[in-house]
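Please look over the sequence and the structure before reading on.

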Amino acid sequence: MINPHMWSIFTMSALLGIGGGVLWTASGEVIAKNSPGDTKAKNTGIFWSWFNTSMLIGNVFLYFYLGDTEKISDNQRYVIYLVLGVLCAMGMCTFLLLAPVPSEATKSEEDAAAIVPYFVSFARKACVCSDEENCDKEELKDTGKSQSVLQPIVDAARYCKTKQMCLLYAPIIFTGVSLNFWSSVFITVVGNVFPKRSYLALGGISTGVGEIAAGSSG
């Protein structure tokens, strides 16, 4: 990606999407299992605020490093990738500091579920079972045997047809459109309108401040 080509951009974007899906699910699982009582929302907000400090740190560095530069040279590109790569490696090392996940077998399904797909567990309880007796049988069946790798995908397909999921489609679509705007369209527009590369960093800083403020307010 230091000397980007069309194939490398699309390949790295696909890998970023795959890795992001795994990391977001895993982070939600860790937060949910390490959040006692009603602290999930607060801990999620704290996580979101700390996560978006990366936008401040990286873009502040770019703002002062690029200055009035209108075209990024190869040497500048190497320095940027080196600095951001080191910061990324340091961030990955923090995974070693994560607290062990509690091994309580009696945790409810909401406590064990990830923050992001929390509504999935709710939809399952509300819609998959038609009555209390069938729900109890279903839970005994699930705990009595190990779940296959494809079972979560099958369950997710079933949940997509529930009433609760249908009500969530509108905010989910809006979230996707909003994320696509500020993460790609907005920065591209800024880069095409303003010749100085430092304005790209200012756009990232503004976005980071907004994300941190939103996470802190939760």
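## Basis of the model

The model is predicted: local features need pLDDT of at least 70, side-chain atom pairs count only at pLDDT 80 or more, and totals for chains, interfaces and linings use all residues. Residues are numbered from 1 along each chain as its sequence is written, and side-chain values use heavy atoms, with hydrogens and water left out.

## Overall fold

The protein has 9 helices and 0 strands. Its pattern along the sequence reads α-α-α-α-α-α-α-α-α. Helices (H or I, at least four residues) and strands (E, at least two) are DSSP runs, numbered from the N terminus.

Of the 218 residues, 20% count as buried. Buried means under 20% relative accessible area, exposed means over 50%, and partly exposed lies in between (1.4 Å probe, protein chains only). The protein exposes about 15100 Å², and carbon and sulfur atoms supply 69% of that area. These accessible areas come from the Shrake-Rupley method with a 1.4 Å probe; for residues, only the protein chains shown count as cover. Among contacts between residues at least 6 apart in sequence, 64% join residues at least 24 apart. Contact here means heavy atoms within 4.5 Å.

## A nonpolar surface patch

Val60, Tyr63, Phe64, Phe181, Val185, Val189, Val193, Phe194, Tyr199 and Leu202 form a nonpolar patch on the surface, and together they have about 890 Å² of accessible area. Patches are made of residues with over 30% relative accessible area and no salt bridge; like charges are joined within 9 Å, and nonpolar side chains (Val, Leu, Ile, Met, Phe, Trp, Tyr) within 5 Å.

At least two patch residues come from each of α2 (40-66), α8 (163-193) and α9 (198-217). The largest share, 4 residues, is supplied by α8. Tyr199 belongs to helix α9 and is partly exposed, at a relative accessible area of 32%.

## The α8 and α9 pair

Two packed helices are described by the angle between their axes and the distance between the axes. For α8 and α9, the axes come within 9 Å and cross at roughly 145°. Axes are lines fitted to C-alpha atoms, for helices over the stretch in contact, and angles run from 0 to 180 degrees between N-to-C directions.

The crossing of α8 past α9 is right-handed. A crossing is left-handed if the near helix is turned anticlockwise from the far one by less than a right angle, and right-handed if clockwise. On the α8 side, the contact is made by Trp182, Phe186, Ile187, Val190 and Gly191, and on the α9 side by Tyr199, Leu200, Gly203, Gly204, Thr207 and Glu211.

## Salt bridges

Side chains of opposite charge can pair when their charged atoms come close. A search of the whole structure finds 4 salt bridges, each being a side-chain nitrogen of Lys or Arg within 4 Å of a carboxyl oxygen of Asp or Glu. Among them is the pair Lys33 and Glu29, at 3.1 Å from N to O. Both residues lie in helix α1 (residues 6-33), 4 residues apart, about one turn of the helix. Lys33 is partly exposed at 24% relative accessibility, and Glu29 is partly exposed at 28%.

Asp74 pairs with Arg77, with the closest N and O atoms 2.7 Å apart. These two are separated by about one helical turn because they are 3 residues apart in helix α3 (residues 74-93). Asp74 is partly exposed at 41%, as is Arg77 at 22%. Asp155 and Arg158 also meet in a salt bridge, at 3.2 Å from N to O. They are 3 residues apart in helix α7 (residues 151-159), so about one helical turn separates them. Asp155 is buried at 7%, whereas Arg158 is partly exposed at 35%.

## Two buried residues

Ile80 lies in helix α3 and counts as buried, at 10% relative accessibility. Leaving out residues up to four places away in sequence, Ile80 touches Phe61, Leu62, Tyr65 and Leu66. Ile80 and Leu62 are 18 residues apart in sequence, and their C-alpha atoms are 7.7 Å apart.

Ser198 is part of helix α9 and is buried, at 6% relative accessibility. With residues up to four places away in sequence not counted, Ser198 touches Tyr63 and Gly67. Ser198 and Phe64 are 134 residues apart in sequence but 7.6 Å apart in space, C-alpha to C-alpha.
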